[in-house]
Amino acid sequence: MPNESAAHPEQANPADPKTDEANSPGSHKTRKPKASIRRRVLRTSALLGVLYVVMCVGMVVMETRLLFPGAYSDTSILMDPNRFSLDHPTPGVVETMTYPAVDGSDLESRLLIREGADDVILFLHGNGIHADEMDGWTRRLSDGWNATVLTAEYRGFQSDGFTPTETSTIEDAVSAIHALSEATGTPVSQIMIYGRSLGGGVACGLVAALHERGDSTEALLLDRTFDSAASVGADRFFFLPVRWLMKNQYDSVQALENYRGVLVQIHGTPDRIVPQKNGRALHDSLALEHKEWIEEPSMFHNDRLPTKTLNDAGRKLKALRTLAFLQTDVAAIESSAAAE
C-alpha cells in the first residue's frame, strides 16, 4: 500500500488553544474593559493625589488667616482721649498704653490702674478679637481680683500691615510684661499672667521666654488653652499632615517644661474649638506641686466666663501662690539659719 502523502503543516500541528483564544473575536471584548478600568483608577488616583497636595499647600498658605483671624478682621476705631502717662495715671479708667515692640513699632494695649490693688495682671487675649474691644473684660478682671490689669495687644492686630506669627506674639508678650513692670514698679516675677485660648499658648511661650532670659513668673492662669495648637489642628483636619505642615505650633507642654510656679486652668466641658481633652492633656503633663483644674460643665469656647468662676479662680491662684512661695521663703530662711 503506497505511503500516504505528508500531512499539511496546519494539519500536522494542532491549533494552540491559547492562540485561538487570543485570536478569537471575543478576546478583545474581555481585555478592553480591564485596561479601561485600570486607566480610570490611575487617573482618579492621580487626580486625588493632586487635590491632596493642593489642600496641603492651601493649609500652609492659609495658616496665618486660620490661626490669627483677628489680624484680618476690621479693627475698632478707638476714639479714646485717655492715654496712659507714667507721670499722670488715671486710676479706675481704662487707658491706652503705648510701648515699643522689639522692631521699634508701637504697641497699643489697654491698661487699668487700680488704687490699692492686691496684684498686677498681664492678660493675653485670643485670636479673634482686639485688645481695645475688651475694656469690659479688663474692668471685670480688675474688679474681681482687685488688680491692675494690662490687656496686651499683638502686632498685626492693629491694622499695621504686620503678619503675626508664634514668635512675634510671644515677643509682644515679653514687651508687654516689661512695660507693665516699669509702669507699676512690680517685679516681672510677681506679675500674674492670664492667657485665654490662643493667648494661653502665647502665655506659655512667654513663660519659656522669661526663663531663657533668667526671669521667672510665680502665677499662671490658662483659660480654655491647649496642649499645642498643632494637636488641636491635627484632630480637626485629621486627613492632613498638620503636625508637619504647621509652622506656628504653640507647644504649651514644651514651653512649660521648666515652669516652677503655680497654675490654675479653666476649661468648658462642651468646648468644641479647643476640646477639653487638649486642656486636660496640658494639665496632666505638668509635674507641678501646686496646680488646680476648674471645669465649667456648660461653657462653650466663646461663652462668657461666669463671674463666680472668675473670682474663684483668682482666689485659688492667689492661695496657691502664697502657699508655694511662702514655703520657699521659709525653707530659704531655715537654710540660711542652719548655715550660720
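Student: In helix α7, which residues are buried?

Tutor: Ala-229, Ala-230, Ser-231, Val-232, Gly-233 and Ala-234 are buried in α7. Keep in mind that this is a predicted model.

Student: How many residues of α7 does that leave covered, and what do the buried ones pack against?

Tutor: Helix α7 spans residues 229–236, and six of its eight residues are buried. That makes the helix mostly covered. Its buried residues pack against α8 (242–245) and α10.

Student: Where does α10 sit in the chain?

Tutor: Strand β7 (residues 262–268) and strand β8 (residues 291–296) run parallel, joined by six bridges. Gln-265, for one, has Trp-293 in β8 as its bridge partner. To get from β7 to β8, the chain passes through helix α10, residues 276–285. This β-α-β crossover is right-handed.

Student: How should I read side chains along a helix?

Tutor: An α-helix has 3.6 residues a turn, so residues three or four places apart point the same way. Now look at the surface. Leu-47, Leu-48 and Leu-51 form a nonpolar patch there. Together they have about 300 Å² of accessible area. Leu-47 lies in helix α3, which covers residues 25–67.

Student: What about the protein as a whole?

Tutor: The protein has 11 helices and eight strands. Of its 340 residues, 44% count as buried. Its accessible surface comes to about 18400 Å², and 55% of that belongs to carbon and sulfur atoms.

Student: How much of the contact count comes from residues 24 or more positions apart?

Tutor: Take the contacts with a separation of 6 or more: such residues account for 75% of them.

Conventions: Residues numbered from 1 in each chain as written. Predicted model: local features only at pLDDT ≥ 70, side-chain atom pairs only at ≥ 80, totals over all residues. Heavy atoms only, no water. Helix = DSSP H or I, 4+ residues; strand = E, 2+ residues; numbered from the N terminus. Buried < 20%, exposed > 50% of the residue type's maximum accessible area, 1.4 Å probe, protein only. Contact = heavy atoms within 4.5 Å. Areas by Shrake-Rupley, 256 points an atom, 1.4 Å probe, with all protein chains shown as cover. Pairing = 2+ DSSP bridges. Right-handed = clockwise from strand over helix to strand, strands pointing away. Patch = residues over 30% accessible without salt bridge, like charges linked within 9 Å, V, L, I, M, F, W, Y side chains within 5 Å. Salt bridge = Lys/Arg side-chain N within 4 Å of Asp/Glu carboxyl O.
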